[in-house]
Amino acid sequence: VWLMHGPVPAQVAYVSTVTGNDELFKIRVDGSENTRLTENEWAWDKHPTWSPDGTRIAFWSNRDGHRQLYVMDADGGNVRRLAPGPYEDWDPVWAR
């Protein structure tokens, strides 16, 4: 769970298995606007972390067969894999 403070009200990005597998969601700290960000049939999406400016979320997923790092816009759009390779990658962290 990661809090994001910045140009929009504080939000939490989190992982839930309510859909039957690990998906990413975000919710405002007041409990409003619970939004599903990812949708997979079997893959795990884990360890969301906000960019310093609050516009993107990095995470890891096994959607391409093994753990790789991804980044997406804060609304769940524009998902793209970072540095694809043959190795397992996980636990992304933004640095300023």
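The model is a predicted one, so local features need pLDDT of at least 70 and side-chain atom pairs count only at pLDDT 80 or more, while totals for chains, interfaces and linings use all residues. Residues are numbered from 1 along each chain as its sequence is written, and side-chain values use heavy atoms, with hydrogens and water left out.

The chain has eight strands and zero helices (DSSP runs, E of at least two residues for strands, H or I of at least four for helices, numbered from the N terminus). With a radius of gyration of 13 Å, close to the 12 Å that the globule rule gives for 96 residues, the chain is as compact as a globular protein of that length (C-alpha atoms; the rule is 2.2 Å times the number of residues to the power 0.38). Along the principal axes, the C-alpha atoms fill a box of roughly 40 × 35 × 20 Å. Buried residues (under 20% relative accessible area, 1.4 Å probe, protein chains only) make up 39% of the 96 residues.

S61 sits in strand β6, residues 56-61, and counts as buried, with 0% relative accessibility. A polar atom of the S61 side chain lies 3.0 Å from the backbone oxygen of W44. Neighbours within four places in sequence aside, S61 is in contact (heavy atoms within 4.5 Å) with A43, W44 and D45, and also with H66, R67, Q68 and Y70.

Conventions. Buried means under 20% relative accessible area, exposed over 50%, partly exposed in between (1.4 Å probe, protein chains only). A polar contact is a pair of N or O atoms within 3.5 Å; within protein, one must be able to donate a hydrogen and the other to accept it, and residues adjacent in sequence count only if both atoms are side-chain atoms.
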